[in-house]
Amino acid sequence: MLTFRGAGHSNCFGDSRTVDTLVDWMRWSLYGDTAARDHLRGDATAGTTTLESALS
């Protein structure tokens, strides 16, 4: 889960972190791409976002 602190429900759709995180997660989940998994935390992290996940 990618949490945007202080944002409304629609604010995240125009944010590149949403797209980057979603693509990383899909590549990891669908294709087993461990490089994409390793990029998840960095692509999702910023001062106003938190990646909440049990990455293995």
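**Entry 1: the question I started from**

Against which elements do the buried residues of α1 pack? I looked this up in a predicted model, in which local features need a pLDDT of at least 70 and side-chain atom pairs count only at pLDDT 80 or more, while totals for chains, interfaces and linings use all residues. Residues are numbered from 1 along each chain as its sequence is written, and side-chain values use heavy atoms, with hydrogens and water left out. I found that the buried residues of α1 pack against β1 (2-4), α2 and β2 (49-51). I took helices (H or I, at least four residues) and strands (E, at least two) as DSSP runs numbered from the N terminus, and buried as under 20% relative accessible area, exposed as over 50% and partly exposed as in between, with a 1.4 Å probe and protein chains only.

**Entry 2: the chain and its confidence**

I noted 2 helices and 2 strands in the chain, and along the sequence they follow the pattern β-α-α-β. Of the 56 residues in the chain, 23% are buried. Among contacts (heavy atoms within 4.5 Å) with a separation of 6 or more, 47% are between residues 24 or more positions apart. The pLDDT, which is the predictor's confidence in each residue from 0 to 100, averages 79 over the chain, and 82% of the residues score at least 70. Confidence is highest in α1, at a mean of 87, and lowest in β1, at 76.

**Entry 3: helix α1**

Helix α1 takes in residues 16-31, which is 16 residues, and it reaches 22 Å from its first C-alpha to its last, close to the 22 Å expected at 1.5 Å a residue; the expected span is 1.5 Å times one less than the number of residues. In this helix I found R17, T21, D24 and W28 buried. They cover an arc of only 65° around the axis, which puts them on the same side of α1; the arc is that of the directions from the helix axis to the C-beta atoms. The face turned away from this buried side carries the exposed residues L30 and Y31.

I then followed T21, which lies in α1 and counts as buried at 7% relative accessibility. Leaving aside neighbours within four places in sequence, T21 is in contact with L2, L40, D43, A44 and L51. T21 and M1 are 20 residues apart in sequence, and their C-alpha atoms are 9.6 Å apart in space.

**Entry 4: from α1 into α2**

After α1 comes G32, whose phi is positive, near 70°. What does D33 reach at the start of α2? A side-chain oxygen of D33 comes to within 3.0 Å of the backbone nitrogen of A35, and a polar atom of the D33 side chain lies 3.1 Å from the backbone nitrogen of A36. D33 sits in the loop between α1 and α2 and is buried, with a relative accessible area of 19%.

**Entry 5: helix α2**

In α2 I found A36, L40 and A44 buried. They cover an arc of only 75° around the axis, which puts them on the same side of α2, whereas D38 and G42 are exposed on the other side. The buried residues of α2 pack against β1, α1 and β2.

**Entry 6: the nonpolar core**

Which residues form the largest nonpolar core? I counted as a nonpolar core a set of buried Ala, Val, Leu, Ile, Met, Phe, Trp, Tyr and Cys residues joined through side-chain atoms within 4.5 Å. The largest has 5 residues, W28, A36, L40, A44 and L51, and its largest share, 3 residues, comes from helix α2 (residues 34-44). As a general note, nonpolar side chains tend to be buried together in soluble globular proteins. For L51, again leaving aside neighbours within four places in sequence, I listed contacts with M1, L2, T21, L40, R41 and A44.

How values were computed. A polar contact is a pair of N or O atoms within 3.5 Å; within protein, one must be able to donate a hydrogen and the other to accept it, and residues adjacent in sequence count only if both atoms are side-chain atoms.
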